[in-house]
Amino acid sequence: MVIALLTAAGTSTRMGQDIPKQFIHVENKPLIIYTMEAFQAHPGIDAMVVVTLPAWIDVLKAYANQFNISKLRWVVPGGETGQESIRLGLEALRGEICEEDIIMVHDGNRCMVSGEIISNSLAVFKKRGSAVAAIPCVEAVFRSEDDGETSTISIPRTQLYRTQTPHTYTYGKLLWAHAEAAKRNITGTAASCTLMQELGETVYFSKGSEENLKITTVDDMMIFKALLQTKKDTWLK
């Protein structure tokens, strides 16, 4: 069984809007529904669990019903941090699924995740035992030690990859990671790949995309709206 665990419990302080960004409507559809539709449409996904703000649980369920998201099986109240929200989503599945089942953790505000990205994540997981979507860094990167004022240290970009979601692991592996985090007092690792790395695990990369952007700011929202209206020219390879 493959379950998509979507995180949608952020309060959107950086967006600066009156409602959480995951519920902002674009073309008469909330952002979280765009994300859910991607997993609904993929034949490799069996079910979804969404972790969201407690006050918005009933709203989310109503939207899922309105937009025919039949794979949604669980809606879970989130925590104070991204790491805690993922843990709560995992805990809600105890007794419902097996440790060998596959969990695909994905940011609810990455609305442009494609079927190709989901399929490649599953393919890499099958080969390696885990998968983290990533893309190579194409910009020149510098490290600053004075809050971005100056730098004399550049980092070769050929060594750098920007991680995205989904992050795909077995349910048992994720439960282990969060149990270890509690034992070792590891906090603030909203990305499952960062937590795994801190626990000494190798990170295996799967296909990401620049279009698979995380909508965090108003600028991101404008890019998303533009992407919705853009189609790839047929002559492009």
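This is a predicted model: local features need pLDDT of at least 70, side-chain atom pairs count only at pLDDT 80 or more; totals for chains, interfaces and linings use all residues.
**Exercises: an aromatic pair and a histidine**

Residues are numbered from 1 along each chain as its sequence is written, and side-chain values use heavy atoms, leaving out hydrogens and water.

**Exercise 1.** Describe the geometry of the pair formed by tyrosine 34 and phenylalanine 224.

Solution, step by step:
- Start with the search of the whole structure, which finds three aromatic pairs (ring centres of Phe, Tyr and Trp, its six-membered ring, within 6.5 Å; planes under 30 degrees apart are stacked, over 60 edge-to-face, the rest tilted).
- Tyrosine 34 and phenylalanine 224 form one that is edge-to-face, at 5.2 Å centre to centre with 85° between the planes.
- Helices (H or I, at least four residues) and strands (E, at least two) are DSSP runs, numbered from the N terminus.

**Exercise 2.** Is histidine 42 buried or exposed, and which side chain does its own side chain touch in a polar contact?

Solution, step by step:
- Locate histidine 42 in the loop between helix H1 (31–41) and strand E2 (47–52).
- Histidine 42 counts as buried because its relative accessibility is 9%.
- Its side chain makes a polar contact with that of serine 119 (2.7 Å); such a contact is a pair of N or O atoms within 3.5 Å, where within protein one must be able to donate a hydrogen and the other to accept it, and residues adjacent in sequence count only if both atoms are side-chain atoms.

How values were computed. Buried means under 20% relative accessible area, exposed over 50%, partly exposed in between (1.4 Å probe, protein chains only).
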